[in-house]
Amino acid sequence: MIHYLSYTITESMPVYGGSAGPELASLKAIDKGDSCNTWHFCLENHWGTHVDGPNHFFTNGRRIMDYPAGAG
């Protein structure tokens, strides 16, 4: 069984520390005659469901990419 725990990225999603929410902008849209749907988005690293590695709190701490995939 899979439980989906992530927030959907929207302009009204909860954000950390009162920072501004994500910026979402449609660049291309099929319903406007474009060949595809394309979006531009800008967000901080604390938006949405995520995991912070030790490097987030300590200068010499390990980063998430320092852990092998599947590490438990």
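These are my notebook entries on one structure, written for someone meeting it for the first time.

**Entry 1: ground rules**

I am working with a predicted model, where local features need pLDDT of at least 70, side-chain atom pairs count only at pLDDT 80 or more, and totals for chains, interfaces and linings use all residues. Residues are numbered from 1 along each chain as its sequence is written, and side-chain values use heavy atoms, with hydrogens and water left out.

**Entry 2: the whole chain**

I began with secondary structure, and the protein chain has two strands and zero helices. Both kinds of element are DSSP runs numbered from the N terminus: helices are H or I with at least four residues, strands are E with at least two.

Next I looked up the overall dimensions. The C-alpha atoms fill a box of roughly 50 × 35 × 25 Å along the principal axes. The radius of gyration is 17 Å, while a compact globule of 72 residues would have one near 11 Å. That radius is taken over C-alpha atoms, and the globule rule is 2.2 Å times the number of residues to the power 0.38.

Then came the surface. The protein chain has an accessible surface of about 6,300 Å², and 57% of that belongs to carbon and sulfur atoms. Such areas come from the Shrake-Rupley method with a 1.4 Å probe; for residues, only the protein chains shown count as cover. How much of the chain is buried? I found that 11% of the 72 residues count as buried. Buried means under 20% relative accessible area, exposed means over 50%, and partly exposed is in between (1.4 Å probe, protein chains only).

I also checked contacts, meaning heavy atoms within 4.5 Å. Of those between residues at least 6 apart in sequence, 22% join residues at least 24 apart.

Y16 sits in the segment before β1 (23–28). Is Y16 buried or exposed? Y16 counts as exposed because its relative accessibility is 57%. Leaving out residues up to four places away in sequence, Y16 touches H46 and W47. Its C-alpha atom is 9.6 Å from that of N45, 29 residues apart along the chain.

H46 has 18% relative accessibility, so H46 counts as buried. Which residues does H46 touch beyond four places in sequence? They are Y16, D52 and H56.

A25 lies in strand β1. Its relative accessibility is 32%, so A25 counts as partly exposed. Apart from neighbours within four places in sequence, A25 is in contact with T38, W39 and H40. From A25 to W39 is 14 residues in sequence and 5.7 Å in space, C-alpha to C-alpha.

I2 is found in the segment before β1. With 81% relative accessibility, I2 counts as exposed. I2 and D52 are 50 residues apart in sequence and 22 Å apart in space, C-alpha to C-alpha.

**Entry 3: cysteines and rings**

How many disulfides does the structure hold? I found zero, a disulfide being a pair of cysteine sulfur atoms within 2.5 Å. I looked up two cysteines: C36 counts as partly exposed at 28% relative accessibility, and C42 counts as partly exposed at 39%.

Finally, I noted that R62 lies over the face of Y67, at 3.8 Å from the ring centre. A charge sits over a ring if NZ of Lys or CZ of Arg is within 6 Å of the ring centre and within 35 degrees of the ring normal.
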